[in-house]
Amino acid sequence: MENSTSRETPCYYDTRHGPVEGFLLADITRRMRGAFQDRLDGSDLTLSQARALKLIAMNPGVQQKALAQMLEIQPMTIAKLLDNLELRGLVRRDKDPADRRAHLINLTADAEPVLKTIKVTIEALREEMLQDLSEQQRTQFVDVLTLIRERLMSMSF
């Protein structure tokens with residue numbers, strides 16, 4: 001008997017073949033990235049770039065290496081990401097006076113409207129994505145995700 005789910009939308013809820021949580025989380029993440037990109041109204045800003053801008057806004061003067069660690073990406077990748085943001089005039093790299101080999105990353109004034117767009121986009125996506133959940137369910141959802149993240153962070157791999 002054929003599964004009623006189309007081939008384009010695989011079913012991850014069939015536990016007969018083992019746990020499904022990892023597949024669900026990966027699928028949700030992929031779909032959230034796509035939905036975020038679709039809602040940016042013609043911008044070619046990526047989710048990675050948006051995350052970097054938000055982290056820089058929360059950590060002005062962050063070292064490039066520390067930003068890479070926060071984003072969990074390689075130094076080469078952060079360099080390319082920052083090159084792109086710098087070309088757009090959204091960030092600047094300042095020499096770290098305490099370590100001449102390091103760069104401190106700061107936002108430019110041009111980043112402010114982009115950050116506002118990111119915030120509005122994230123808030124709208126979040127509301128749409130969670131519209132079927134009560135406030136209590138939303139809180140529990142975040143609590144469970146946080147607990148899982150903390151457990152994974154405590155595991156060595």
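How do α3 and α4 lie to each other, roughly parallel or roughly perpendicular? I got roughly perpendicular, a label that takes in angles of 65 to 115 degrees, with under 35 as roughly parallel, over 145 as roughly antiparallel and the rest as oblique. The angle between α3 and α4 is about 105 degrees, and their axes are 9 Å apart. On the α3 side I listed Gln 64, Leu 67, Ala 68 and Leu 71, and on the α4 side Ile 78, Ala 79 and Leu 82. By class that contact has 6 nonpolar residues, 1 polar and no charged.

Ground rules, before going on. This is a predicted model, in which local features need pLDDT of at least 70 and side-chain atom pairs count only at pLDDT 80 or more, while totals for chains, interfaces and linings use all residues. Residues are numbered from 1 along each chain as its sequence is written, and side-chain values use heavy atoms, with hydrogens and water left out.

My terms: contact means heavy atoms within 4.5 Å. Helices (H or I, at least four residues) and strands (E, at least two) are DSSP runs, numbered from the N terminus. Axes are lines fitted to C-alpha atoms, for helices over the stretch in contact, and angles run from 0 to 180 degrees between N-to-C directions. Ala, Val, Leu, Ile, Met, Phe, Trp, Tyr, Cys and Pro count as nonpolar, Asp, Glu, Lys and Arg as charged, and the others, Gly among them, as polar.

**Overview**

I counted 6 helices and 3 strands in the protein. From the N terminus the order reads α-α-β-α-α-β-β-α-α. Of the 157 residues, 24% are buried, which here means under 20% relative accessible area, with exposed over 50% and partly exposed in between (1.4 Å probe, protein chains only). Among contacts with a separation of 6 or more, 41% join residues 24 or more positions apart.

**α2 against α3**

Next I took α2 (residues 47-58) and α3 (residues 64-71), which pack at about 125 degrees with axes 11 Å apart. That angle makes α2 oblique to α3. Arg 51, Ala 52, Leu 55 and Ile 56 of α2 meet Leu 67, Met 70 and Leu 71 of α3. I sorted the residues of this contact into 6 nonpolar, no polar and 1 charged.

**α2 against α5**

The axes of α2 and α5 come within 10 Å and cross at roughly 110 degrees. I therefore wrote down α2 as roughly perpendicular to α5. This crossing is left-handed. From α2, Ala 50, Leu 53, Lys 54 and Ala 57 meet Val 114, Leu 115 and Ile 118 of α5. The classes come out as 6 nonpolar, no polar and 1 charged.

**The core**

Which residues have the most contacts inside the largest nonpolar core? I found Leu 53, Ile 56, Leu 67, Leu 82, Leu 85 and Val 91, in a core of 25 residues. A nonpolar core is a set of buried Ala, Val, Leu, Ile, Met, Phe, Trp, Tyr and Cys residues joined through side-chain atoms within 4.5 Å. The elements giving two or more residues to this core are α1 (21-38), α2, α3, α4 (75-87), β3 (99-107) and α5 (111-129). α2 supplies the largest share, 5 residues.

Leu 67 sits in helix α3 and counts as buried, at 0% relative accessibility. Leaving aside neighbours within four places in sequence, Leu 67 is in contact with Ala 52, Leu 55, Ile 56, Val 62, Ile 78 and Leu 82. Leu 82, not counting residues up to four places away, touches Ile 56, Gln 64, Leu 67, Val 91, Arg 93 and Ile 105.

Glu 72 is in the loop between α3 and α4. I noted a positive phi of about 55 degrees for Glu 72, although it is not a glycine. Glu 72 counts as exposed, at 70% relative accessibility.

Last, I checked Ala 124 in helix α5, which is partly exposed with a relative accessible area of 42%. Ala 124 and Phe 36 are 88 residues apart in sequence and 9.5 Å apart in space, C-alpha to C-alpha.

Conventions
Left-handed = near helix turned anticlockwise from the far one by under 90°.
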